[in-house]
Amino acid sequence: IEAQLALDESKQLKLRVYSMVSAQDEALTDYWLARPPLIADDNSRLTIRSFKAVMDGALGSRTAWLHKPYTDDPSTSGVQTFDEDRLIDIMNRSNEHGWQINTHAIGDKANTLVLDTIAAANLDKRDHRSRIEHAQHLEPSDVQRFADLGVIASIQTIHLSSDRHWAIDRLGKARIDAGAYIWRDLLSAGVHIANGTDVPVEPINPLANFYAAITRKTLKGTPDDGFEAHQKMTREEALKSMTVWNAFAAFEENDAGSIKVGKRADLTILDSDIMTINESDILSTNVAMTIVAGEVVYTAP
């Protein structure tokens, strides 16, 4: 945080940064909860207005927290890595200055518990925009709870491309079909989605996310019809999930996320139209220019 603040104050921050304070650190959490968030203005590009808690691990290491044991290792159901009472306390204390609380949850039990804590906390009197980061594997009965509680599913569509070919070993076909990477089910229920890259775990290039969202294939183009193809996003949905829907997830929908008079001139120009080209050409699309606040900060050779 100190490094980010120094970069911002010295005008060396070339892109906008929306930082989360680690809720795993109790002293750091107490320090920031006691003061208002830092929200960027015309002279700043750094916003610090959210906390990140981590409720479980990851599917690959079998530490994502599941309701039932792993299919390929019945001796474990994963691990819980954050205390629910402490999370409720942080959420309640976040009301004083309007902090956003974002919680990592990959397994279905972790997601259920985070939804339970949001329901138990006193957040319904404000526009809290609580996020569940990843929301990767869900109980079908929890999908509508996202919408009812106003919780944002902060997904990374690239995880489908990277993980699906082995995730079925962890969860088994029934759980994969019912609750893994269920983007269409979330959208149909009226859940607000945000779509990020998860760099450095995944590639930084967001076009891979766009490709994964609309094809549900690996980055090598397999399988031909995609995994669980009925859960695909349309191209318009995928674009929105990476632009204006992301802006909403950061309370910035009035300032960013679309090209509109009165919003920031933050633009990325591609050398192909990803809304019309063949899906096989999306991953070879390049950035021609990047503009931040009207300033050209990158031009391709």
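What covers the buried residues of H8? The structure is a predicted model, in which local features need pLDDT of at least 70 and side-chain atom pairs count only at pLDDT 80 or more, while totals for chains, interfaces and linings use all residues. Residues are numbered from 1 along each chain as its sequence is written, and side-chain values use heavy atoms, with hydrogens and water left out.

The cover of the buried residues of H8 includes H6, H7, E6, H9 and E7. These labels denote DSSP runs numbered from the N terminus (helices: H or I, at least four residues; strands: E, at least two). Helix H8 is mostly covered, with nine of its nine residues buried; buried means under 20% relative accessible area, exposed over 50% and partly exposed in between, with a 1.4 Å probe and protein chains only. The buried residues of H8 are Leu-207, Ala-208, Asn-209, Phe-210, Tyr-211, Ala-212, Ala-213, Ile-214 and Thr-215. Just after H8, Arg-216 takes a positive phi of about 55 degrees.

The axes of H8 and H9 come within 9 Å and cross at roughly 140 degrees. Axes are lines fitted to C-alpha atoms, for helices over the stretch in contact, and angles run from 0 to 180 degrees between N-to-C directions. The H8 and H9 crossing is right-handed; a crossing is right-handed if the near helix is turned clockwise from the far one by less than a right angle, and left-handed if anticlockwise. On the H8 side, Asn-209, Phe-210, Ala-213 and Ile-214 meet Arg-235, Ala-238, Leu-239 and Met-242 of H9, contact being defined as heavy atoms within 4.5 Å. In an α-helix there are 3.6 residues a turn, so residues three or four places apart point the same way.

Tyr-181, in the loop between helix H6 (158-179) and helix H7 (183-188), has phi near 55 degrees and counts as buried because its relative accessibility is 4%. Phe-251, in the loop between helix H10 (244-249) and strand E7 (267-270), has a phi of about 60 degrees and is buried at a relative accessible area of 19%.Helix H2 (residues 26-33) packs against H3 at an angle of about 20 degrees, with the axes 10 Å apart. H2 is therefore roughly parallel to H3, a class for angles under 35 degrees, whereas those over 145 are roughly antiparallel, 65 to 115 roughly perpendicular and the rest oblique. H2 passes H3 in a left-handed crossing. Glu-26, Thr-29, Asp-30 and Leu-33 of H2 make the contact with Arg-86, Ile-90, Arg-93 and Ser-94 of H3.

Arg-86, in helix H3 (residues 84-94), is buried yet has no salt bridge, and the nearest side chain of opposite charge, Glu-26, is 4.2 Å away. A salt bridge requires a side-chain nitrogen of Lys or Arg within 4 Å of a carboxyl oxygen of Asp or Glu. Lys and Arg count as positive and Asp and Glu as negative, while His and the chain ends are not counted. Not counting residues up to four places away in sequence, Arg-86 touches Ala-23, Gln-24, Asp-25, Glu-26 and Thr-29.
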